[in-house]
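Work through the exercises below with the structure in view. Try each task before you read its solution.

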Amino acid sequence: MNKPLKQHLIDPEICIRCYTCEMTCPVEAITHDDNNVVVDAEKCDFCMDCIPVCPTGSIDEWRVVETPYSLDEQFEWQELPAQADIGESSGVEALDDAMAALLAEAHAGAGGKSKAPASAAKPSVNLYNLGKPATARVTGNFRLTSGESGSDVRHIILDFGAQPFPVLEGQSIGIIPPGTDKDGKAHLPRLYSVSSPRDGERPNFNNLSLTVKREEQGLCSNYVCDLKIGDEIKVTGPFGATFLMPEDPSARLLMVCTGTGSAPFRAFTMRRQRSKAGGSGDLTMFFGARTPDSLPYFGPLGKVPEKLLKKHLVFSRQPGQPKEYVQHRMMAEQDAVADLLADPRTHIYICGLRGMEQGVEEAFRSISESTGQAWEATRDAMRDEGRYHVETY
Ligand code: NAP
């Protein structure tokens, strides 16, 4: 009989196929096929470099096994197998102390394993993959930011025609840029958050929207931002099973974002706006951009009533104004944030630049401590209850 060993695995239901782990792994233990991203047990040396870069926590899965799951087995999975009962060694507790310490270090910061809100609808994931992508037709491409701002952010509308493509607010899709890389391999899909609600950008049409910023050297962002009406593109997904909205209408949402990280929050807000029953729980947003004309949806956001969405639009490069980041405004609004933190109906979502995580964490810590609460305990309890979500790149 083999000696039980720990195997590092990836949860295929939660993984959003951004391939960041694969690009980060120093020993090339992470690989993918058309369906899943997987870990080669023979190569993985538990260095943990992949843990902090994963935006969803799907990378943080471990099983004690007698025989490691092969790559082919992992490629076939729709969901992760449960921990098999192999006697005393079973369970994640079997992780030794050194590994637990490495994991704790890798989880330092706001990231970590997240859970879907208890009342969230069940998402569909990975319906279309690299080998069998969906074809979407472009039905809209609108510039959201002014030419003078130097920022080119686009609102892209995609129609899926007769192909079923169900998405929930907070999910992402992959877009496969045409052509091949320097090794002649097809490009990997690039991931974009959906910015429309589940019933479509245009209600009851089989369409969705994305919020895409043109990056100077961006292979896919330039491709997407240059798309014309009628163009057809290859799409994978949908992906993401945790960064989802609670269905509970009394849930209060605290949304913190920078730049195009606002995409899922546009979807959340529209969902609440369109839901017949409305929501008794409030929506609060801290949204950071350089200037008003580089803040995606600045105009339309101004028209959303404060009663539905409390907006804190924060600018870092407004001429004549001090630099302000979202975390600074959270501190300035600490009574309102403390009220939200104290309410068990509150769900926190953080989306956008990876760099903002630390500052936002510090703001939460300071606000919690001012009310005599320990932030880490509050955050971990919220994460366990599916009420704390971070998706940053
Ligand atoms: P951006 O224009 O580069 O930045 C937006 C604002 O954030 C600017 O005002 C910037 O200020 C500020 N900022 C910079 N560092 C900060 C920090 N440490 N703390 C707080 N604020 C900070 O944003 P962007 O180019 O749209 O980028 C958005 C990011 O979100 C991208 O990295 C994108 O990949 C990511 N994203 C993630 C998701 C997702 O996770 N689902 C979805 C969409 C986008 P200064 O430049 O003046 O310093």
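**Exercise 1.** Find how many residues of domain 1 are in contact with domain 2.

*Solution.* Step one: count the contacts. Six residues of domain 1 are in contact (heavy atoms within 4.5 Å) with four residues of domain 2. Step two: locate the domains. An automatic or database assignment places domain 1 at 5-107, domain 2 at 134-239 and domain 3 at 252-392.

Note the ground rules. This is a predicted model, where local features need pLDDT of at least 70, side-chain atom pairs count only at pLDDT 80 or more, and totals for chains, interfaces and linings use all residues. Residues are numbered from 1 along each chain as its sequence is written, and side-chain values use heavy atoms, without hydrogens and water.

**Exercise 2.** Describe the area buried between domain 1 and domain 2.

*Solution.* Take buried area as the accessible area (1.4 Å probe) that two parts lose on being put together, summed over both. Domain 1 and domain 2 bury about 500 Å². Carbon and sulfur atoms hold 78% of it. In domain 1, Ile16, Arg17 and Tyr19 lose the most area to domain 2. Together they make up 75% of what that side buries.

**Exercise 3.** Count the salt bridges between domain 1 and domain 2.

*Solution.* Apply the rule: a side-chain nitrogen of Lys or Arg within 4 Å of a carboxyl oxygen of Asp or Glu. The count is zero.

**Exercise 4.** Which residue has a side-chain N or O atom 2.6 Å from an oxygen atom of the ligand?

*Solution.* Lys213 does. For Arg290, the side-chain distance to a ligand oxygen atom is 3.2 Å. Thr260 uses a backbone N or O atom, 3.0 Å from a ligand oxygen atom.

Terms used
Polar contact = N/O pair within 3.5 Å; in protein donor to acceptor, adjacent residues only side chain to side chain.
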